[in-house]
Amino acid sequence: MIRILTSGESHGDSLQGIIEGLPANLYFDIEYINHELKRRQKGYGRSERMTIEKDEIIVLSGINNCYTTGNPISIMIKNRGTNIELTEIMRPRPGHGDLGGTLKYNQKGGRNTLERASARETAMRVALGGICKLLLKEFNIGIYSHVVQIGDIKISKDIYNDISKEELLKSDESIVRVLDKEAEKLMMDKINNIKKEGDTIGGVIEVIGMNIPVGLGSYTSWDKRLDGKIAYSIMSIPGIKGIEFGLGFNTSNRFGSKVHDEIYYDVNGYHRKTNNAGGIEGGVSNGENIVFRAVMKPIPTLKKPLKTIDIETKEQVYAQFERSDVCAVPSASIVAENMLAYVLANEIKKKFGGDSIEELKSNFKNYIAGLKER
């Protein structure tokens, strides 16, 4: 198995991460990982902290001469946005973990909860997910994303099941990571208006995994289902409140004959002409693109704060304000890409085994060859 672990606080000295289970001899492209971190920092509506932080990883162990050794890899990202006075959180923010964390861990206030529950932690997840992407690239598996909705502004096309890799890469050219230029302007205007009002706004992202082999995940036990594992990883991202695969909730208003993907066979093997299932059936990848959408709520830190209770006096007050984004939906799409990368890399390693990248690729090649004979 591949396992990841992160540590560190939002305003601490640094974030730390460990990933274990990667095969030896995988090329460790630091520039690629740092580029993933830069993608996370972009996006219209981000706070001024993103102009302060220059996220780059520092490798502490597990790499020798730019290649993995098979040992656990430990990395660090230094925090720069730490030069502010940190006050205790006595007026917990509705929608944040402040109050729950304070009560659960018997704290005086919500500062310790804020420091760890903060989305700043996702910078390390992106770095570790970037390492997983390097593994997936060895199998020609790519993961892409784009924004499909911010507030009530939606793109003109609902589902991008038939979109190309080249088209998806254009989302990085948009400041809100949207492929619809008309919607892009409307989204930026919406964010501007929300910012003036001292409010925040959420939205919906779509993530697409391409060239996924048949057979990742399993139906044999409930906790081995691939869609369940993906949902778990995506729902762990701060602010994400829902996920749907393929047609998702729209399957509820259609007949089965209009939902399920018919199966065909040609010289390339089994395939489908539609992908309403989002690439997963029975908890197992079916060879089509994995497609899901996730909804992100508005960020709970508001310049125009909501009512709350002072933890100390128990009086009705307004919530505390911390430096915060107005909209982090574009950033969330990058985090989601890298969480999917972690899940898929783990499934690749579990299914095909191997202590070195050469052994892993050999096992994979034999499996794919065998599929063509069935």
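By class, the lining of the largest pocket in this predicted model is made up of 15 nonpolar, 13 polar and 13 charged residues. The volume of this largest pocket is about 870 Å³, and of the 41 residues that line it, Ala117, Ser118, Ala119, Arg120 and Pro238 are the closest to its centre. Several elements contribute at least two residues each to the lining of the largest pocket, namely helix H2 (49-52), helix H4 (111-117), helix H5 (122-137), strand S10 (240-245) and helix H9 (329-352).

The second largest pocket holds about 690 Å³ of space, and of the 22 residues that line it, the closest to its centre are Val214, Asn268, Tyr270, Ile368 and Leu371. Strand S12 (269-272) and helix H10 (357-372) each supply at least two residues of the lining of this second largest pocket, and the largest share, five residues, comes from H10. The class make-up of the lining of the second largest pocket is ten nonpolar, six polar and six charged residues.

Helix H9, which was named above among the elements that line the largest pocket, has 24 residues and reaches 35 Å from its first C-alpha to its last, close to the 34 Å expected at 1.5 Å a residue. Of these 24 residues, 22 are buried, so H9 is largely enclosed by the rest of the structure. Glycine 353 follows H9 and has a positive phi, near 60°.

Helix H1 (residues 30-41) can be checked in the same manner. At 1.5 Å a residue its twelve residues should span 16 Å, and the end C-alpha atoms of H1 are 17 Å apart, which agrees. At the start of H1, a side-chain oxygen of aspartate 29 reaches to within 3.2 Å of the backbone nitrogen of glutamate 31. The buried residues of H1 are Tyr32, Ile33, Asn34, Glu36, Leu37, Arg39, Arg40 and Gln41. H1 is followed by glycine 43, whose phi is positive, near 130°.

The aromatic rings form the last topic. A pair of aromatic rings is described by the distance of the centres and the angle of the planes.

| Ring pair | Centre to centre | Angle between planes | Arrangement |
|---|---|---|---|
| Tyrosine 265 and tyrosine 270 | 4.9 Å | 65° | edge-to-face |
| Phenylalanine 352 and phenylalanine 364 | 5.1 Å | 75° | edge-to-face |

Phenylalanine 352 lies in helix H9 and phenylalanine 364 in helix H10, so their pair ties together parts that are twelve residues apart in sequence. Are these two phenylalanines buried or exposed? Phenylalanine 352 is buried, with a relative accessible area of 7%, and phenylalanine 364 is buried as well, with a relative accessible area of 14%. Tyrosine 270, by contrast, counts as exposed because its relative accessibility is 58%, and the cut-off for exposed is over 50%. Tyrosine 270 is also one of the residues closest to the centre of the second largest pocket.

Conventions: Residues numbered from 1 in each chain as written. Predicted model: local features only at pLDDT ≥ 70, side-chain atom pairs only at ≥ 80, totals over all residues. Heavy atoms only, no water. Helix = DSSP H or I, 4+ residues; strand = E, 2+ residues; numbered from the N terminus. Expected span 1.5 Å × (residues − 1). Buried < 20%, exposed > 50% of the residue type's maximum accessible area, 1.4 Å probe, protein only. Polar contact = N/O pair within 3.5 Å; in protein donor to acceptor, adjacent residues only side chain to side chain. 1 Å grid on protein atoms, 1.4 Å probe; cavity = no way out; pocket = protein on both sides within 12 Å on 5 of 7 lines; lining within 4 Å. Points joined across faces, edges and corners; volume = space filled by probe spheres on them. Nonpolar A, V, L, I, M, F, W, Y, C, P; charged D, E, K, R; others polar. Phe/Tyr/Trp six-rings, centres within 6.5 Å; stacked < 30°, edge-to-face > 60°.
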